[in-house]
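Colleague: Can you walk me through this one? I have some questions once it is on screen.

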Amino acid sequence: MKKDKNLDELFRSKLLNYEQEPPAYILDHVLNGVAGEHRKRKIVFWRMAGVAAALLLAFVAGWQLNVNDGKTLNQPLVANQPIVQEPAAETKIVAEQNESAKELGSEELSLAVVAESEKMGEKTSISLAGKIVKHNEPTLVAANEESTLLQPLKGLFRLLTSDTESGNSLQVRKYDPIAAESTVKSIDQQIMEQNQQLMLAQNETAKKSRWLVGAQVSPAYNVSRSSHTKAYASNMLNASSNPVDLGGGISVEYKKGKRWSLQSGVYYSGMGQSSGNTSNSNQNVANAPVSGSDHGKEYFNTNVNIDAWTSKMAINSTAGVIEFSSVPDGIVLGTNLEDKTMTSSAVVVSDARFIQNFEYIEIPLYVRYTLIDSKFDVEMMGGFSSNVLVGNQTFMESNTGKSLVGSTQDMETMNYSGTLGIGLKYGLSKRLYLNVEPRVKYYLNSLNGNSAVSYKPYTVGVFTGLSYEF
Amino acid sequence: MEDFKPIISDCIAGSRKAQSMLYQQFAPKMFGVCLRYAKDATEAEDNLQDGFIKVFTNLKNFRHDGSLEGWIRRIMINVSLEKIRKQHLLYPVEDVAIYDSVNYSDDVIAKIAADDLMKLIQQLPPRYRLVFNLYVIEGMSHQEIAEEMSITQGTSKSNLARARDILKKKVQENFGEELNAHNNYTA
């Protein structure tokens, strides 16, 4: 036991105040770590403050609206509808006024109003105010339920409140025919303003929508844009025509503000090219008669490589090397012929054309800017897309028909493209739009990974579709 | 006792200079503490760094009724302990090996350098290392250790005994012959 104590004491005496200088970089790490902690705490604080402020704002706004609602309901506000709809004796003024307005001029109208007002006296005015209040109540309740209409209505009621200063002002005006007429006119104006504001509110509500989903289809015309090494190009098919492909997809758009929006989605795009006999033909071969061929002069003079082991054909095209899964039917191969330079190659003797089809799934990120914001919106759009190759097929088309013969080698599975376009958007209804959008898409990287080939086509398409705003 | 109040205030205010000064003041000693609880220097550096970040972010909670060094040391120990807990090294270890009692001389240990003793401690299994440190170096009782580590006092005692045995054995293995030879040579 005592020995243990001694052991402990020895360790303790040597290690209790043991010091060692730590590496210098730890201080930097500590200081940066402390600063990071402070930043984190600040962020947390501001987030909490933001949430608290938002809650407070929401509470105050809700409370304020409730208070305002109560005040508004107690005010004898004037509206046209209850006056016109109420056939009671007290509201003869307005009934007669409406009838008179059709037949008489404004002067006669004012006289009629004055006459009736004098007959009925002050009581009329008071009861009129009372009636109006009764008929206004359901309108206001409805307005409360329609939260989107609440704000403009409140604005209107505030306007009316300041103008009429409750029912007392009406009592004062009933003795003054000119004032009565102006009151009626101002009432009409106010109703018109109310309607306008309601319409504006509805439009505004519609414009506040933030999201659009849509579907578009587009015919796409592909324009080949490629460059190749000299050796590769010396024996290459000629891309003579480009078939029109179909593309389309689903888009999602988020409106950021009144004019800017971000768009993404998923699109399918087909791209193809048709290749025929080479243009820079090898005259020796082109003009050479092919023994045993009944194809006349319609034959290929493009060199074809044939793998000695697999017997697979490969032929250069502008998009890359076409690899044939097997020697297709309907073509005739000749070797060497009279061209001494073609010892390692064969010649395809056929009138066939090769159609290379590439299919891509495109995930874009576009920015849109509304140039003209009206019934017929005009927008500019641009952005970038990631394109994933999902289809790579080569067909041979000859007088015997069209058949799948292989694929293009070295096609990159992931490509990036840029897009520019002008969008025309027509509102079919409040939320449904018809879109017509010419776009130009150009590939930023070569679609083919072969170092001898740079294949960057661009695509022109007119995207047409519908989008729904919510 | 040195008055750290001004420097503490500056540290709380976010002064990097004050933080550097406070760090420089205590870092060597605290690195010594961390080395004792860690299995190697790298782990000790991590603990020292985490410990000082904790010190600076909690400095406003320091009540000036005790020593600052003690408070910082306590943080370093807690960080080290927490690290071992997180690594699940604390509970699974139950050394069943029986160490025969080793004959050693206190003189042998007295002649071993502190650095070497530190290495011996670092070689202990984590729980033994903790118990040994807390009991022998920090002077805590078995009851305090049991509460701290959520173990029984018996386990604490047992772990301490095992730690001692291991240390004795290692002292004998690593330094016994060497020191004996040295003694013989000098004699």
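**Strands, a serine and a helix pair**

Modeller: This is a predicted model. In chain A, E4(A) and E5(A) form a hairpin with 3 residues between them, and Gly257(A) in the turn has a positive phi of about 85°.

Colleague: How many bridges join E4(A) to E5(A), and do they run parallel or antiparallel?

Modeller: Strand E4 (residues 244–256) of chain A is joined to strand E5 (residues 260–276) of chain A by 10 bridges, and the two run antiparallel. Within that pairing, Gly249(A) stands opposite Tyr267(A) in E5(A).

Colleague: And which strand do 14 bridges join to E5(A)?

Modeller: Strand E11 (residues 353–372) of chain A, also in an antiparallel arrangement. There Leu262(A) is opposite Val367(A) in E11(A).

Colleague: Zooming out, how many helices and strands in chain A?

Modeller: 10 helices and 17 strands. Of the 470 residues in chain A, 27% are buried. Taking contacts in the chain between residues at least 6 apart in sequence, 70% join residues at least 24 apart.

Colleague: What else does Ser226(A) touch?

Modeller: Leaving out residues up to four places away in sequence, Ser226(A) touches Thr318(A), Ala319(A), Val453(A), Ser454(A), Tyr455(A) and Lys456(A).

Colleague: Is Ser226(A) buried or exposed, and why?

Modeller: Buried, because Ser226(A) has 20 C-beta neighbours inside 10 Å, and the cut-off for buried is 20 or more.

Colleague: Switching to chain B. At what angle do H7(B) and H8(B) pack?

Modeller: Helix H7 (residues 126–137) and helix H8 (residues 142–149) of chain B pack at about 140°, with their axes 10 Å apart. H7(B) and H8(B) are therefore oblique to each other, since only angles over 145 degrees count as roughly antiparallel. The crossing is right-handed.

Colleague: Which residues meet there?

Modeller: From H7(B), Leu130(B), Val131(B), Leu134(B) and Tyr135(B); from H8(B), Ile145(B), Glu148(B) and Met149(B). That contact divides into 6 nonpolar residues, no polar and 1 charged.

Colleague: Last one: how many residues does the contact take from chain A and from chain B?

Modeller: 25 residues from chain A and 28 residues from chain B. On the side of chain A that touches chain B, the elements giving two or more residues are helix H1 (2–15) and helix H2 (25–74) of chain A. The residues on that side of chain A are 13 nonpolar, 5 polar and 7 charged.

Note on methods
Residues are numbered from 1 along each chain as its sequence is written. Chains are lettered from A and ligands numbered from 1 in the order in which they are written. This is a predicted model: local features need pLDDT of at least 70, side-chain atom pairs count only at pLDDT 80 or more; totals for chains, interfaces and linings use all residues. Two residues are in contact if their C-beta atoms, placed from the backbone, lie within 7 Å. Helices (H or I, at least four residues) and strands (E, at least two) are DSSP runs, numbered from the N terminus. Ala, Val, Leu, Ile, Met, Phe, Trp, Tyr, Cys and Pro count as nonpolar, Asp, Glu, Lys and Arg as charged, and the others, Gly among them, as polar. Axes are lines fitted to C-alpha atoms, for helices over the stretch in contact, and angles run from 0 to 180 degrees between N-to-C directions. Angles under 35 degrees count as roughly parallel, over 145 as roughly antiparallel, 65 to 115 as roughly perpendicular and the rest as oblique. A crossing is left-handed if the near helix is turned anticlockwise from the far one by less than a right angle, and right-handed if clockwise. A residue is buried if 20 or more other C-beta atoms lie within 10 Å of its own, exposed if 12 or fewer, and partly exposed in between; C-beta atoms are placed from the backbone. Two strands pair if DSSP finds at least two bridges between them.
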